[in-house]
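This report walks through one protein structure, from its overall build to single side chains. Keep the sequence and the 3D view at hand.

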Amino acid sequence: MTSPLRGKHILLAMTGGIAGYKVAELTRLLVKAGATVQVMMTEAAQQFITPVTMQALSNRPVFIDQWDARPANNMAHIDLSREADAMLVAPASADAIAALAQGRADDLVSLTALARRIHECPLLVVPAMNREMWAHPATRRNVAQIEADGATVIGPASGDQACGEVGDGRMLEAQQIFDDVEARLAPKPLRGKKLLITAGPTFEPIDPVRGISNHSSGKMGFAIARAAAEAGADVTLVAGPVHLPTPRGVRRIDVQTARQMFDAVLPLAAQQHAFIATAAVADWRPAEVHEHKLKKAEGAVTAPTIAMAENPDILAAVAALSAPPYCVGFAAESEKLAEHADAKRRRKGIPLIVANLGPATFGRDDNALLLIDEQGQRELPEAGGRADKLSLARALIAELSTRL
Ligand code: C5P
């Protein structure tokens with residue numbers, strides 16, 4: 001998977017906290033994504049996890065002392081901050097946040113945060129502390145101050161704490177921090193743009209226990225929502241019934257039926273810059289929804305005949321608005337991909353359609369896309385073959401951003 005973190009250099013500053021063990025895992029994720037990670041640790045951080053562990057995971061000697069003689073100029077705080085694309089303080093203790101708020105410089109972490117070029121090396125702070133410490137007016141004041149000074153605070157989460165109490169202050173999990181850092185360091189070609197995305201299947205009830213639906217895991221649409229949010233867009237995701245977590249920073253509206261999806265989408269559509277319809281919307285619904293479960297008659301074979309009604313075409317309705325957003329449709333075909341998809345594009349009156357082979361994508365983590373517009377076709381991945389859905393989503397969003 002190509003991550004926006006590939007080739008980035010992260011200065012990872014650890015301060016004292018039990019959550020240090022999560023930062024070991026975070027380091028692994030960053031390195032796996034192709035980032036280089038330079039760890040520095042305060043004395044308190046080393047009470048919880050050793051520099052040996054962090055060196056092994058980051059593949060670089062750890063800095064623990066502002067008087068470290070390794071840099072030729074003996075200025076670790078300058079050198080380390082100049083080469084970094086971001087400084088990530090995790091875990092950030094209440095004490096570390098207080099030091100950042102005051103602009104103190106009495107340990108390597110606070111000194112380096114103060115010495116960095118604030119516009120070139122953003123400061124990302126991941127708090128981890130007891131709930132009373134987090135809620136204390138002094139900490140509230142300090143957090144507000146570091147945000148006013150330009151830092152980004154990631155988290156904290158709420159839940160069980162190492163001290164046995166339950167509340168706000170717990171550090172986010174490694175994967176959540178990773179996703180957030182990745183999103184913040186990605187290029188932002190869609191900043192200021194509003195995107196509306198549909199995803200997943202719809203479910204059309206027959207009675208309280210049965211219904212009809214389409215194949216769709218929602219993975220492609222959720223990946224596109226994530227990639228769009230990473231690219232700086234304001235994203236609303238209208239999702240049918242799927243079991244997927246909401247991408248960070250995305251506004252989600254859950255629906256069940258095609259008509260609910262239509263009702264959620266249409267009032268929002270005119271204010272959007274783009275509408276991406278990845279949902280596998282059921283074309284028909286049972287004309288009548290039975291209030292109670294249809295029962296099998298004793299003995300007799302009586303399969304019911306279910307009358308169907310047509311669902312509205314959401315994408316066609318959005319495309320037919322007087323000033324429609326840029327509309328992107330999806331086409332899942334089983335043969336003659338380009339031909340069928342382009343016919344669909346024309347029929348719906350949309351500028352761009354993304355074609356894929358249905359059976360080869362349903363529920364899978366990878367896919368291959370064919371983008372078709374008036375000018376012609378383009379394959380994703382560029383080199384042919386298949387790629388994971390998040391990489392494809394990022395490529396599609398990059399392409400879309402050149403068109404908006
Ligand atoms: O006509 P077909 O269902 O194959 O078209 C697929 C495209 O149209 C997808 O982008 C899908 O999300 C959208 N669509 C829709 N409302 C429907 C049917 C399809 O928005 N009722």
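A residue counts as buried under 20% relative accessible area, as exposed over 50%, and as partly exposed in between, with a 1.4 Å probe and protein chains only as cover. The model is predicted, so local features need pLDDT of at least 70 and side-chain atom pairs count only at pLDDT 80 or more, while totals for chains, interfaces and linings use all residues. Residues are numbered from 1 along each chain as its sequence is written, and side-chain values use heavy atoms, leaving out hydrogens and water.

## Overall build

The protein chain has 404 residues, and 50% of them are buried. Its C-alpha atoms fill a box of roughly 85 × 55 × 40 Å along the principal axes. Its secondary structure comes to 13 helices and 21 strands. These are DSSP runs numbered from the N terminus: helices are H or I with at least four residues, strands are E with at least two.

A contact means heavy atoms within 4.5 Å. Of the contacts with a separation of 6 or more, 69% join residues 24 or more positions apart. The accessible surface is about 19200 Å², and carbon and sulfur atoms hold 52% of that. Accessible areas come from the Shrake-Rupley method with a 1.4 Å probe; for residues, only the protein chains shown count as cover.

## Salt bridges

Side chains of opposite charge can pair when their charged atoms come close. A salt bridge here is a side-chain nitrogen of Lys or Arg within 4 Å of a carboxyl oxygen of Asp or Glu. The structure holds 30 salt bridges. Among them are these:

| Pair | N to O distance |
|---|---|
| Glu173 and Arg170 | 2.8 Å |
| Lys219 and Asp365 | 3.0 Å |
| Asp366 and Arg364 | 3.0 Å |

Lys219 and Asp365 meet in a salt bridge. The pair links distant parts of the chain, 146 residues apart: Lys219 is in helix H9 (residues 219–230), and Asp365 is in the loop between strand E17 (352–357) and strand E18 (366–367). Lys219 is partly exposed at 26%. Asp365 is exposed at 53%.

Glu173 has a relative accessible area of 33%, and Arg170 has 27%. Asp366 comes to 22%, and Arg364 to 38%.

Which residues are linked in a network of salt bridges? Asp179, Glu182, Arg226, Glu230 and Arg394 are.

## Around Pro127

Pro127 lies in strand E4 (residues 123–127). Is Pro127 buried or exposed? It counts as buried, because its relative accessibility is 1%. Pro127 and Leu237 are 110 residues apart along the chain, and their C-alpha atoms are separated by 29 Å.

Pro156 sits in the loop between strand E5 (152–153) and strand E6 (157–160).

## Backbone exceptions

Most residues other than glycine have a negative phi, and most peptide bonds are trans. The peptide bond from Leu380 to Pro381 is cis, with omega near 0°. Pro381 is in the loop between strand E20 (376–380) and strand E21 (387–388).

Asn59 has a positive phi of about 65°. Asn59 is in the loop between helix H2 (51–58) and helix H3 (76–82). Asn59 is exposed at 69%. Asn74 also has a positive phi, near 60°. Asn74 is found in the loop between H2 and H3. Asn74 is partly exposed at 35%.

## Rings and the nonpolar patch

How many aromatic pairs does a search of the whole structure find? It finds zero. Rings of Phe, Tyr and Trp (its six-membered ring) would pair with centres within 6.5 Å; planes under 30 degrees apart count as stacked, over 60 as edge-to-face and the rest as tilted.

Charges do sit over rings. The test is NZ of Lys or CZ of Arg within 6 Å of the ring centre and within 35 degrees of the ring normal. Arg70 lies over the face of Phe63, at 4.2 Å from the ring centre. Arg140 lies over the face of Trp134, at 4.5 Å from the ring centre.

Ile18, Tyr21 and Phe48 make a nonpolar surface patch of about 340 Å². Patches are made of residues with over 30% relative accessible area and no salt bridge: like charges are joined within 9 Å, nonpolar side chains (Val, Leu, Ile, Met, Phe, Trp, Tyr) within 5 Å. Tyr21 is in helix H1 (residues 20–32). Tyr21 counts as exposed, because its relative accessibility is 53%.
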